[in-house]
Amino acid sequence: MRYYFLTKNKYMYKIKNLVTTLFFFLPLIHFGQYTDQINSNRPGETMSAFAVGKSVIQIESGFYGITENHSLLGYDANGYGIDMTLRWGLFMEKLELIADFQYQYEIFNPSLIYPDKSAMKQTVVGAKYLIYDPFKNYEKNINIYSWKANHAFNWHQFIPAVSIFAGANIMLEDNPYYFSAEAAISPKIALITQNHFGDGTWVFVTNIIADYIGTDYPSYGYGITLTKGFSRKWSGFIENQGYISDFYSDAIVRGGAAFLIHDDLQIDASISTSLKDTPSILYGGVGFSWRYDANHKEIRMKVDTGDSDKKAQRRAKKTKKG
């Protein structure tokens, strides 16, 4: 009987040390700007709060088809578009430079009244900076004796990561997608939040946006995206966007899925529709995200385990004597 209790205490001691070690290294594995697998904003339109990582270059691009119908003006339109976002982690883990481009071509019917459109619909250049990271210096307490305690509801997940984006819209002269015939550069800012719920497979992102600031038709909008990871390879999302402006207002509902080919390459597909009929818009597309991270250097925290090792040795000696 005495041998049984000594053996049991011995294995409990080993398990406790293993869990304690994993506890110390958990923040190093899970929480940071750079992730082992690519972290893309596609196929949604909202921006995530976290950057790609220092010295990491990421390309997110896609092709889409679009169809429009305006019930009041009485026209139909069909076309296609190409979008591309370049993301570059520069100087530090929290900072990311962003260049966003979108080209669109549309054929209208009746063409005698509404001419075809073909131009850069969007050109935005700016930077995103992480203001607050809820995972920094946060250590989740692990109870090695209680599975229930370790899986209890965690209120910390409601504290979001917060970033801010600041950039500029660049519009050339005679752009049919712009409300002015003159070239213009106007500011754009966005407040970004991001939460990780449950076991981390649910991600909730919000964007609050002020666009075309200082022009005759400033635009204010929002974006809400909920993403679910179904497996290591598959994920899906739903999204809602809204725009309010004297020039153009709309609400867009979007959904889609992404598939991870390998850690640095992802493909995706999505479909979107507007909630109004002036005009009603339906478009769907496919795309990919790819990153180059050969120049990235992992940032690790130093963990001093000297005192812990000495205490562990003393406890082991006491257990052995017992």
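Strands here are DSSP runs marked E of at least two residues, numbered from the N terminus. This is a predicted model, in which local features need pLDDT of at least 70 and side-chain atom pairs count only at pLDDT 80 or more, while totals for chains, interfaces and linings use all residues. Residues are numbered from 1 along each chain as its sequence is written, and side-chain values use heavy atoms, leaving out hydrogens and water.

Is Ser-270 buried or exposed? Ser-270 counts as buried because its relative accessibility is 18% (buried means under 20% relative accessible area, exposed over 50%, partly exposed in between, with a 1.4 Å probe and protein chains only). Leaving aside residues up to four places away in sequence, Ser-270 touches Pro-43, Phe-237, Gly-255, Gly-256, Gly-284 and Gly-285 (contact means heavy atoms within 4.5 Å).

Now for the wider picture. The barrel is closed by 12 strands in the order 1-2-3-4-5-6-7-8-9-10-11-12, with antiparallel pairing. On average, neighbouring strands of this sheet are turned by 20° against each other, direction ignored (axes are lines fitted to C-alpha atoms, and angles run from 0 to 180 degrees between N-to-C directions). Two strands pair if DSSP finds at least two bridges between them.

Here are some antiparallel pairs:

| Strands | Bridges |
|---|---|
| Strand 4 and strand 5 | eight bridges |
| Strand 9 and strand 10 | 10 bridges |
| Strand 10 and strand 11 | 10 bridges |

Strands 9 and 10 form a hairpin with five residues between them, and a hairpin through two residues joins strand 10 to strand 11.

Note on methods:
Helices (H or I, at least four residues) and strands (E, at least two) are DSSP runs, numbered from the N terminus.
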